[in-house]
Amino acid sequence: GQLHLKLLGGVDGCLSSGGPLDAPKKAMALLAYLALAPRVACGREELATLLWGDTPETQARQSLRKTLSTLRQVFAAGPRVLLIGSDTVALDLKAFEVDVHTFERRVAEATPAACASAAALYRGDLLDGFHLQEAAFAEWLTAERERLRGMAIGALESLLVHEFHHHRVEPAIQVAHRLIALNP
């Protein structure tokens, strides 16, 4: 079974066993970052700086090791999802279904049905309500939130044009309300 990771409108996960993905805050932050990282593998140094930027390097690396160990225990029952090298860490994204990836694919398809599907997936900002007192993580999160929100607005705008074009007033009004909520 696949693991499900929902990052839009909060953070929520489901293990292949069907149980909830229950992990400490920093572990969830690490998972989210790895799931959305543009590169396949992230350097340990980068991750340590991202989540423990204010602590000395050796302590930051130790915290990263502990967090990776915690995640390994969380995923122990299922397939191997953490790919940990001597200097890098990656997620096996084939083992995961990440709502952000599905959302991005739907937006890229750009058909009215795909835009409607993307709008439905966008339940709110990335990791909504999730805060860490780490400058580097907060900076990354803000940039990703803006990027994804921009994509959601674009999808809703095309959907609105489509609904108007086909004289569907009620659905158009609903889409317009969502647009206003996202982009006052």
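Helices here are DSSP runs of H or I with at least four residues, strands are runs of E with at least two, and both are numbered from the N terminus. By that rule, Glu139 sits in helix H6.

This is a predicted model, in which local features need pLDDT of at least 70 and side-chain atom pairs count only at pLDDT 80 or more, while totals for chains, interfaces and linings use all residues. Residues are numbered from 1 along each chain as its sequence is written, and side-chain values use heavy atoms, with hydrogens and water left out.

## Overall layout

The protein chain holds seven helices and six strands. From the N terminus, their order is β-β-α-β-α-α-β-β-β-α-α-α-α. Along the principal axes, the C-alpha atoms fill a box of roughly 60 × 35 × 25 Å.

Burial is scored by relative accessible area: buried means under 20%, exposed over 50%, and partly exposed in between, with a 1.4 Å probe and protein chains only. Of the 184 residues, 42% count as buried.

Contact means heavy atoms within 4.5 Å. Take the contacts between residues at least 6 apart in sequence: 60% of them join residues at least 24 apart.

## Helix packing

Two helix pairs come next. Axes are lines fitted to C-alpha atoms, for helices over the stretch in contact, and angles run from 0 to 180 degrees between N-to-C directions. Angles under 35 degrees count as roughly parallel, over 145 as roughly antiparallel, 65 to 115 as roughly perpendicular, and the rest as oblique.

How do H1 and H2 pack? Helix H1 (residues 25-36) meets helix H2 (residues 44-52) at an angle of about 130°, and their axes are 11 Å apart. The two helices are therefore oblique to each other. H1 passes H2 in a right-handed crossing. Handedness follows the near helix: turned anticlockwise from the far one by less than a right angle, the crossing is left-handed; turned clockwise, right-handed.

On the H1 side, the contact uses Lys26, Ala29, Leu30, Tyr33 and Leu34; on the H2 side, Glu46, Leu47, Leu50, Leu51 and Trp52. By class, this contact has eight nonpolar, no polar and two charged residues. Ala, Val, Leu, Ile, Met, Phe, Trp, Tyr, Cys and Pro count as nonpolar, Asp, Glu, Lys and Arg as charged, and the others, Gly among them, as polar.

H2 also packs on H6. Their axes come within 5 Å and cross at roughly 95°. That makes H2 roughly perpendicular to H6. Thr49, Leu50 and Leu51 of H2 touch Ala136, Phe137 and Trp140 of H6. This contact has five nonpolar, one polar and no charged residues.

## Aromatic pairs

A pair of aromatic rings is described by the distance of the centres and the angle of the planes. Rings of Phe, Tyr and Trp (its six-membered ring) pair if their centres lie within 6.5 Å; planes under 30 degrees apart count as stacked, over 60 as edge-to-face, and the rest as tilted.

The whole structure has five aromatic pairs. One of them joins Phe103 and Tyr122 and is tilted, at 5.5 Å centre to centre with 40° between the planes. Phe103 lies in helix H4 (residues 99-109), and Tyr122 in the loop between helix H5 (112-121) and helix H6 (135-165), 19 residues apart. Both Phe103 and Tyr122 are buried. Ring pairs also link Tyr33, Phe130, Phe137 and Trp140 into a cluster.

## Single residues

Relative accessible areas for four residues:

| Residue | Relative accessible area | State |
|---|---|---|
| Leu127 | 1% | buried |
| Thr67 | 10% | buried |
| Glu146 | 56% | exposed |
| Glu139 | 61% | exposed |

Thr67 is in helix H3 (residues 57-74). Which residues does Thr67 contact, leaving aside neighbours within four places in sequence? They are Lys26, Ala27, Leu30 and Trp52.

Glu139 and Leu50 are 89 residues apart in sequence, yet 9.5 Å apart in space, C-alpha to C-alpha. Glu146 is also placed in H6. Glu146 and Ala136 are 10 residues apart in sequence and 16 Å apart in space, C-alpha to C-alpha.

Leu127 is not a glycine, but has a positive phi of about 50°. Leu127 lies in the loop between H5 and H6. Ala110, in the loop between H4 and H5, has a positive phi near 60° and is likewise a residue other than glycine.
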